Amino acid sequence: MPDNEFQVEAIGAVYAQALINEGRKQNALAEITEDVRGLGQLLRENKAFLGFAQSLTVGQEERQAALQKIFGGRVHPLVLAVLLSLARRDRMMFLNGMVEAFEDILKKMSGHVDAEIVSASELGPDVIQRIQQSLAKTAGEAVDLKVTIN
């Protein structure tokens, strides 16, 4: 993984963990999770918002004002605080990494791990199930299995 991808993930994970921790303290993790998933969907589906988030030409004050106008009263105050913090520190490019890390941390908290199998041919459902059960037994956690044919 290139260094800049690692940096995006690492810095995003710091923001995600802080948001989760504070959300748990305030008993608002469910609402925050919904808002963060909405941000992820917005980043994936709205190229204008993605461009705004990643733009180097938008100033801090302008970006903060726009975020306040767009999200103020529509997302949990903690989510808005993270967005404004990212904007204030010129770190909006880490928003996508924060959203991805947030989901990863939630998975780990719920006892799930991801695994991927690459197979040369199609695997039957019974084989996939046995592999998944074996991995879960080894890992001691539920396994979310992705199967790819190559």
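Author: A salt bridge here is a side-chain nitrogen of Lys or Arg within 4 Å of a carboxyl oxygen of Asp or Glu. Keep in mind that this is a predicted model.

Reader: What makes Lys-25 and Glu-22 a salt bridge?

Author: Their closest N and O atoms are 3.8 Å apart. The cut-off is 4 Å, so the pair qualifies as a salt bridge. By this rule the count comes to 3 salt bridges.

Reader: Where do Lys-25 and Glu-22 lie?

Author: Both are in helix H1, residues 3–25. They sit 3 residues apart, about one turn of the helix.

Reader: How many helices and strands does the protein chain have?

Author: There are 7 helices and 2 strands. Along the sequence they follow the pattern α-α-α-α-α-α-β-α-β.

Reader: Which residues make the contact?

Author: H2 brings Leu-42, Leu-43, Arg-44 and Glu-45, while H3 brings Lys-47, Phe-49, Leu-50 and Ala-53. By class, the contact has 5 nonpolar, no polar and 3 charged residues.

Reader: How do you know that there is a cavity, and how many are there of 30 Å³ or more?

Author: A cavity is a set of points where a 1.4 Å probe fits but cannot get out. Searching the whole structure finds 1 cavity of 30 Å³ or more. About 30 Å³ of space lies in the largest cavity.

Reader: Which residues line the largest cavity?

Author: The lining consists of Leu-43, Leu-50, Ala-53, Gln-54, Met-92, Met-93, Leu-95 and Asn-96. By class, that gives 6 nonpolar, 2 polar and no charged residues.

Reader: And which helix gives the most to the lining of the largest cavity?

Author: H3 does, with 3 residues. Helix H3 (47–54) and helix H6 (95–109) each supply at least two residues of the lining.

Methods
Residues numbered from 1 in each chain as written. Predicted model: local features only at pLDDT ≥ 70, side-chain atom pairs only at ≥ 80, totals over all residues. Heavy atoms only, no water. 1 Å grid on protein atoms, 1.4 Å probe; cavity = no way out; pocket = protein on both sides within 12 Å on 5 of 7 lines; lining within 4 Å. Points joined across faces, edges and corners; volume = space filled by probe spheres on them. Helix = DSSP H or I, 4+ residues; strand = E, 2+ residues; numbered from the N terminus. Nonpolar A, V, L, I, M, F, W, Y, C, P; charged D, E, K, R; others polar. Contact = heavy atoms within 4.5 Å.
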